[in-house]
Protein chains: 2
Amino acid sequence: MVAKMRIGIIGAGALGLYYGAMLQRSGQQVRYLLRRDLEAIRQNGLQVHSVNGDFHLPKVAGFASPEEIGPVDLVIVGLKTFANQQLIRLVRPLIDKQSCILTLQNGLGNEELLAAEFGTERILGGVAFLCSNRGEPGHVHHLGEGKIRLGEFGGGLSERSKQLEEIFSEAGVPCEAVADLRRARWEKLIWNIPFNGLCALLQQDTSELLARPEGRCLAEQLMKEVVAGGNAQPLREKIDGPAFIERMLYLTDQMDHYKPSMMIDREERRSLELEAIYGIPLQQAKEFGAEMPLVEMLYSLLRLGEEKE
Amino acid sequence: MVAKMRIGIIGAGALGLYYGAMLQRSGQQVRYLLRRDLEAIRQNGLQVHSVNGDFHLPKVAGFASPEEIGPVDLVIVGLKTFANQQLIRLVRPLIDKQSCILTLQNGLGNEELLAAEFGTERILGGVAFLCSNRGEPGHVHHLGEGKIRLGEFGGGLSERSKQLEEIFSEAGVPCEAVADLRRARWEKLIWNIPFNGLCALLQQDTSELLARPEGRCLAEQLMKEVVAGGNAQPLREKIDGPAFIERMLYLTDQMDHYKPSMMIDREERRSLELEAIYGIPLQQAKEFGAEMPLVEMLYSLLRLGEEKE
């Protein structure tokens, strides 16, 4: 029997809605902060269209403000990082003495932001390998994958992170608690940095990009820089660059015309998560003496492209 | 008294039409290979709209094929380099024993191509600093600048190149014969490589690009790589990188929302001159042991962007 928790979802985009629905279906008590989907979900509940089988939750606890949610045991953060100036305000009403916070946001810097306000001991982070998007209000599409790797911001393999692993696994979400969250975050960046940026800049999906030798070569060169940036950090164990890169390219080749989130953000004229995925990683690499000149060029080009619009 | 020459213009875009018109006005016998402008020019002559004063040439020797032009003393080549597979076929009918060829095309590799067919001794090259564009058929606009630096492909300051300097100068085109054409070509690349590529990729003009610190910084980093690539070549005298870059940035800041030719080519959905401005310079830098990784990334991004369309 896994523990039952009060869970609050902040940033209920596709990721928040999907993981929230899976947890709720497994018996967890989930409350969602909603905006776009609020009315539809209150009226008709939440419909999940999943490669693993569709399901419908008729009764969903959706709220318009974090104050209405109130204190929970676990806050799951799925907010886009470009909205991080809202983060503390949105999370605070959900926190009481024993609450902990799991941020599944992209890139680096999110745990730091939360820890500065709520204390390192409350903070866990995770990287989500999830292909999902929102449909019309009240609908979420799970297109594939879904695994979460999570760990303590303060490091080490805690009881608490093992417990979250169990809760997600019980809910049908593959989950692995890891001792080195920093390493997991950098490993995710090895994929995110080339593919999010190149696909957004060129408006080409992963298959279009990798079909061309110069696209594949450029992605690989960027990955190499990120491996070196990550391995310059104080990791418990170094990343095996060549093997990791080969596996990432192999997995990406299996994806069929996948559009990374930043490409979709650009298509839909939203802001891009440039600081979390580029700015802060570049800064953290530099702090440990690693330069990533091609990554820096991609970051500059994305910034130049963004403010033009 | 300067020499009178029979001159044939191959590739009569804005550059070819403008220089041809200036030479013709000064008394040279100029024949143009025309396509788009042929009918208009045959009917109404050529109208030059110039910052230095407009003028009209009522009688212009325009032809539809190089065979109709026949042998000349000097062939001036203004063809876009992406059409270079046509170059030899278009130039050959203009060549007889004493003909020489001056290519004012962009980038590297054009003299080599001509020399392989017609012999090194016939070939001169020049870099043109000209802001011009075509208007409606029969009209050409000279927006500013216009200077040519030319020299022997075989190197050295020849009598012939001094004579061409005189002919252009007499025609109102500032011209300087140089002993080291290779150096002049690399100096031009220090501008062309950052500004053509960045402006084409981002669809921003030089003022938009340089208004942003990351745009200015990126342009400067690219320039530094090109300086190093150029200085790795067997030049008679090294390029003073910092001073040259500072001057280029200063001059570019003076230009008001200038659109480099590659940006216009992209806007108008023409091919881009990627081989002459990126591919061959990268290859020549490598031959002399110089890497230009940021230039290579820009080249890859431009190729990826181009074939998408």
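This is a predicted model: local features need pLDDT of at least 70, side-chain atom pairs count only at pLDDT 80 or more; totals for chains, interfaces and linings use all residues.

Biologist: Where do the domains of chain A run in the domain assignment?

Modeller: Domain 1 covers 6–179 and domain 2 covers 183–308.

Biologist: And how many residues does each domain of chain A bring to the contact?

Modeller: Domain 1 of chain A gives 23 residues, and domain 2 of chain A gives 20 residues.

Biologist: OK, helices now. At what angle do α7 and α10 of chain A pack?

Modeller: About 55 degrees, with the axes 11 Å apart. Helix α7 spans residues 181–202 and α10 spans residues 241–254. That angle makes α7(A) oblique to α10(A).

Biologist: Is the crossing of α7(A) and α10(A) left-handed or right-handed?

Modeller: Right-handed.

Biologist: Which residues make that contact?

Modeller: From α7(A) you have E187(A), I190(A), W191(A) and F195(A). On the α10(A) side they are F244(A), M248(A), L249(A) and T252(A). By class, the contact of α7(A) with α10(A) has six nonpolar residues, one polar and one charged.

Biologist: Switching to the two chains: what rotation superposes chain B on chain A?

Modeller: One of 179 degrees, with 0.0 Å of shift along its axis and an RMSD of 0.0 Å. That is how a two-fold axis relates copies.

Biologist: Which C-alpha of chain B is nearest the axis?

Modeller: That of L294(B), 3.3 Å from the axis.

Biologist: Why do you say the copies meet through the same surface?

Modeller: Because 100% of chain B's interface residues are also interface residues in chain A.

How values were computed:
Residues are numbered from 1 along each chain as its sequence is written. Chains are lettered from A and ligands numbered from 1 in the order in which they are written. Side-chain values use heavy atoms; hydrogens and water are left out. Copies are superposed by least squares on the C-alpha atoms of residues with pLDDT of at least 70 in both. Contact means heavy atoms within 4.5 Å. Axes are lines fitted to C-alpha atoms, for helices over the stretch in contact, and angles run from 0 to 180 degrees between N-to-C directions. Helices (H or I, at least four residues) and strands (E, at least two) are DSSP runs, numbered from the N terminus. Angles under 35 degrees count as roughly parallel, over 145 as roughly antiparallel, 65 to 115 as roughly perpendicular and the rest as oblique. A crossing is left-handed if the near helix is turned anticlockwise from the far one by less than a right angle, and right-handed if clockwise. Ala, Val, Leu, Ile, Met, Phe, Trp, Tyr, Cys and Pro count as nonpolar, Asp, Glu, Lys and Arg as charged, and the others, Gly among them, as polar. Domain bounds come from an automatic or database domain assignment.
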